[in-house]
Amino acid sequence: MDKRWSRLGDIIVNHCLKVRPGEKVMIAMVEVETYDLMKCVYDSVIRAGGYAQVQFLSEELRHSLLRHGNDEQISWVPEMEMWGMQWADVYVALRGAHNLYELQDIPSEKLSIQQEVLGKVSTSRWMNTRWLLIRVPTDSYAQQARCDYETILDMFFDSCFLDWEKEKLKWDKWSETLNKGKTVHVVANKTDLTLSVEGRKWLPAAGGNNMPDGEIATSPICETVNGTIFFENPGVLSGRLVEGITLTWKDGELIDASSKTEQEFFNSILHTDEGASKVGEFALGTNPAVTRFCNDILSDEKIYGTMHIALGRAYPESGGTNRSAIHWDIIKDLRKPGSTIFLDGKPILRDGEILL
């Protein structure tokens, strides 16, 4: 076994989640390829004095449900998984990358129903536990990133092994500056978007809920979102690549939404519930070791020099009020000439460089 898995397991348990003696820890092992990291996390939990329970999940099993299940089965909220959120003090999801096209044969309406179910599970997770999500690189993941496995594995470990205390000090200072601002204005390729963050709190993420981590996020005042944003890279959700997304809001209401692919699925997600088409999050990517788009939200949203918004559920910790079963992060690459984010008229990011 690569010794870096053991080091990462220790970081997850002792730095990110700070597991204490007597705490109950649910470890979700998603795909068999995550076994090595699961074993290391399990060992670290035991050494920390915690009680570890492992559950196994897989996109192949989800495909079976969506392909062969009826509407009642697909809309069923898994009781044992929900109970696990009540039982656990800490929840760790080791999400192994899978074939991105695993669910390509599933009708959009079924995916939309199942996505709402997953949203209920994730809502229970963040309401009831200290949690962490991590995407574990696999051969499939390397294919998504259009490189070999060793290259993506090295990027993954480099981005997980930052000096998190040092980065946190820097990102805390950036957040202090952001907290003084009122209006955000994004100008970039086919994009001119404004929104208010007045009174909202910016939250730096430095080895907390994700690994690799690295973002500073807030929840804008929904009704102040105006303008258009275009995404060069696809939005990824439920095994669908939604290419060429363009979104336009007026006073917080989505008035136009288009994509070059998966339009039916895209529309079904936007209409999941009343809050699904609103902006629940606005964030900057800050991890300098994440450099390559992998068509994976957990990694791509951390790329230094990018920004992302999330459709749907807002962060109450930042003052956000929008509610939805959906929280879909979509990443815009600002590492290109002519890309600027302004805060109260002053540039805070230009052509991929953060100026805070």
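Predicted model: local features only at pLDDT ≥ 70, side-chain atom pairs only at ≥ 80, totals over all residues.
Local features need pLDDT of at least 70 and side-chain atom pairs count only at pLDDT 80 or more, while totals for chains, interfaces and linings use all residues. Residues are numbered from 1 along each chain as its sequence is written, and side-chain values use heavy atoms, with hydrogens and water left out.

**Strand pairing**

Helices (H or I, at least four residues) and strands (E, at least two) are DSSP runs, numbered from the N terminus. Two strands are paired if DSSP finds at least two bridges between them. The pairings described here are as follows.

| Strands | Sense | Bridges |
|---|---|---|
| E1 (residues 24-30) and E3 | parallel | six |
| E3 and E4 (residues 130-136) | parallel | seven |
| E13 (residues 246-250) and E14 (residues 253-258) | antiparallel | five |

Strand E3 spans residues 90-96, and because six of its seven residues are buried, the rest of the structure largely encloses it. Buried means under 20% relative accessible area, exposed over 50%, and partly exposed in between (1.4 Å probe, protein chains only). Arg95 in E3 is the bridge partner of Val30, and Tyr91 stands opposite Trp131 in E4. Together with helix H6 (residues 108-128), E3 and E4 make a right-handed β-α-β unit. Right-handed here means that, with the strands pointing away from the viewer, the path from the first strand over the helix to the second runs clockwise.

E13 and E14 form a hairpin with two residues between the strands, where Asp251 takes a positive phi near 50°. Lys250 stands opposite Glu253 in E14.

**Asn210**

Asn210 lies in strand E8 (residues 210-211). Its relative accessibility is 7%, so Asn210 counts as buried. The Asn210 side chain makes a polar contact (a pair of N or O atoms within 3.5 Å; within protein, one must be able to donate a hydrogen and the other to accept it, and residues adjacent in sequence count only if both atoms are side-chain atoms) with the side chain of Lys302, at 2.8 Å. Leaving aside neighbours within four places in sequence, Asn210 is in contact (heavy atoms within 4.5 Å) with residues including Trp131, Leu132 and Leu133, as well as Leu298 and Glu301.

**Helices H1 and H8**

The axes of helix H1 (residues 3-16) and helix H8 (residues 149-160) come within 11 Å and cross at roughly 35°. Axes are lines fitted to C-alpha atoms, for helices over the stretch in contact, and angles run from 0 to 180 degrees between N-to-C directions. On the H1 side, Arg4, Trp5, Leu8 and Ile11 meet H8 residues, among them Tyr149, Leu153, Phe156 and Cys160.
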